[in-house]
Protein chains: 2
Amino acid sequence: MPQVHPMRWLFSLLVMLPLLVQAADPLPSWYNGASRQAIEQFVAAVTTEGSKDYVAPTERIAVFDNDGTLWSEQPMYFEVLFALDEVKRLAPQHPEWKTQQPFKAVLDGDQKALAASGTDGMMKIIVATHAGVSTEDFIAQTRRWLATAVHPKTRKPYTEMVYQPMLELLQYLRANGFKTYIVSGGEVAFMRAFAEEVYGIPPEQVIGTTLDTRFDDRNGSLSIQRLPKLAHNDDGPGKPVSIDSIIGRRPILAFGNSDGDLQMLQWTKAGPGKRFAGLVHHTDAKREWAYDRDSKVGRLDKALTSATSNGWTVVDMAREWQRVYPFDSIDSQ
Amino acid sequence: MPQVHPMRWLFSLLVMLPLLVQAADPLPSWYNGASRQAIEQFVAAVTTEGSKDYVAPTERIAVFDNDGTLWSEQPMYFEVLFALDEVKRLAPQHPEWKTQQPFKAVLDGDQKALAASGTDGMMKIIVATHAGVSTEDFIAQTRRWLATAVHPKTRKPYTEMVYQPMLELLQYLRANGFKTYIVSGGEVAFMRAFAEEVYGIPPEQVIGTTLDTRFDDRNGSLSIQRLPKLAHNDDGPGKPVSIDSIIGRRPILAFGNSDGDLQMLQWTKAGPGKRFAGLVHHTDAKREWAYDRDSKVGRLDKALTSATSNGWTVVDMAREWQRVYPFDSIDSQ
């Protein structure tokens, strides 16, 4: 064994110490508030063998909404910002867009006309930018966009605008034998482009909105082609439907942030035994955004009322999170 | 250490010996033929770190058809036999079936009229017996049927008519870091009723044909209700489509037995790196059934031609399997 100078050894220890402390605390970005305590008590209860609330590892299914729950969603869902950029990129191949709404509005930067096109207009934009391409090529294009695009306010890449406390929660659950899923209104291939790298959630655990697809065989060159038709809208009651169809088990923990998550939370809580339902409440205008009952994006109204009357966990972002984003300093509050 | 009589020790060893031998051989029901060798060579290649064919565990996705690949499918898909039994069970609630085809044919035991109703008739029977009920209740009813129904020829429960060599193959793959999936034309909830217990495949790894469903909230009593409308037909080109939609990764190993598996096998083989495509060839009229190009159930024609010209593995059941069913004796051939 080589000699080590005592001071050098002491120095190493001092360098390591904060890491060791962090290793001992799986949720360092959560203040010791009511939400953290509820999470830890739930996990202890369902993982303690012999406990009346014990749940076998195979049944430890945890589902998370994505937009507003794992990453930000203001001023607009990031996938919509992607679609708007895609309209501009694809415009040379679609000369008709110069005169067709809602595409004209996007190309002219006419926010008013775009808003006037409403949900139908937005669906046209989503379909035009998400279909007519193979799944493989779509994912490659999403990754190209994510690698270069930056958020209009923070100027950070979108994949850095994920919630550090939620990353820790995902990891903490997995370390306790949970299988973590995304169940989100986002289109499934868009989310798979980054979910494994950013959240540690593999493609087969990402559930979302889907388009119809077709197996294409061109003289032996095979691909899955995306068609301009919505197959499943994974929002509201569509969430328990996709959970039942794809997972085939009822989750024991669910986390969301908006009324689109209400039925998923209800479905999770209605099963037998101990269950956890959580909401991220956007209360932090300084570090993120503050919005709930009146927001156009990520409206939290009925689900907030339901959480209050049913005793679900509501995470007060401003008061309960020591950090919001990984790039925030620990002392940012 | 307590004293042990030498003869007692020797006796223990003799009792243990066959178990130890079996533990050493993960595929005891496979003769040492070409198929077994191809499987073992493939698994060794993709799991040996540093090998040019190495595949990381997360990418080790293996997909299996069910009917005719993991369990028998003669004289008719077992799920159809279930549906016919269900028509009889449900008939008192449907007096109109006494005069409506194809239900009348089922109730009268009129095989000729039933055959004449064709695929449309069969789809009516499937929908009538699989919809109008919650997923939970449907799975419970499937389990009741499986617990008591017996096969018309063997008089064995259907869940015992699974292929012992394929059970061993599933276990062998999982022991080598593979994630095993069912991708089958069978209806997904029907298969989930037994897949975990019988094959060790959990619900979230069972992919199949689906019906539309609806989230139902009756004054707080929640359920997923099955609707009388086909959502996805998981056969032929529908298999790579569901693999892409639900798994989001391309498998590296696929096993089927009929033309309905052709596109899944093609899709699996067309990916980069080393890939395995296998077919169970029903050549064993004595222990199981012998059929291929001319069979109405599980026709194996185009896929057999493709296997021959592309060098896929074709398992000759009669010559390569030491046992077919778990209830067969080891020396049954």
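I began with the term nonpolar core, which stands for a set of buried Ala, Val, Leu, Ile, Met, Phe, Trp, Tyr and Cys residues joined through side-chain atoms within 4.5 Å, where buried means under 20% relative accessible area, exposed over 50%, and partly exposed in between (1.4 Å probe, protein chains only).

I noted that this is a predicted model, in which local features need pLDDT of at least 70 and side-chain atom pairs count only at pLDDT 80 or more, while totals for chains, interfaces and linings use all residues. Residues are numbered from 1 along each chain as its sequence is written, chains are lettered from A in the order in which they are written, and side-chain values use heavy atoms, with hydrogens and water left out.

**Cores.** I looked up the largest nonpolar core and found 53 residues, of which B:Phe64, B:Met166, B:Leu169, B:Tyr199 and B:Phe255 touch the most other members. Helix α8 of chain B (residues 164-175) gives the most to this core, namely five residues; helices (H or I, at least four residues) and strands (E, at least two) are DSSP runs, numbered from the N terminus. I then found another core lying apart from it, with 52 residues, including A:Phe78 and A:Val315.

**Interface.** I turned to the contact of the two chains, which takes 34 residues from chain B and 34 residues from chain A, contact meaning heavy atoms within 4.5 Å. Chain B and chain A bury about 2600 Å² between them, with 54% of it on carbon and sulfur atoms; buried area is the accessible area (1.4 Å probe) that two parts lose on being put together, summed over both. Six salt bridges are found across this interface, a salt bridge being a side-chain nitrogen of Lys or Arg within 4 Å of a carboxyl oxygen of Asp or Glu. I looked up the pair A:Arg249 and B:Glu196, whose side chains meet in a salt bridge at 3.2 Å, N to O.

**A:Glu187.** I located A:Glu187 in strand β2 of chain A (residues 179-187), and it counts as buried because its relative accessibility is 6%. Its side chain reaches the backbone nitrogen of A:Ala189 at 3.0 Å, and a polar contact of 3.2 Å joins the side chains of A:Glu187 and A:Arg226. A polar contact is a pair of N or O atoms within 3.5 Å; within protein, one must be able to donate a hydrogen and the other to accept it, and residues adjacent in sequence count only if both atoms are side-chain atoms.

**B:Leu114.** I found B:Leu114 in helix α5 of chain B (residues 111-116), buried at a relative accessible area of 12%. B:Leu114 and B:Pro102 are twelve residues apart in sequence, yet 6.0 Å apart in space, C-alpha to C-alpha.

**Salt bridges within a chain.** I noted a total of 35 salt bridges over all chains. The side chains of A:Lys229 and A:Asp212 meet in one of them (3.5 Å, N to O); A:Lys229 lies in strand β4 (residues 221-232) and A:Asp212 in strand β3 (residues 206-218) of chain A, so the pair ties together parts that are 17 residues apart in sequence. In chain B, the side chains of B:Arg89 and B:Glu86 form a salt bridge at 2.9 Å, N to O. Both B:Arg89 and B:Glu86 lie in helix α3 of chain B (residues 78-90), three residues apart, about one turn of the helix. B:Arg89 is partly exposed at 42% relative accessibility, whereas B:Glu86 is buried at 3%.
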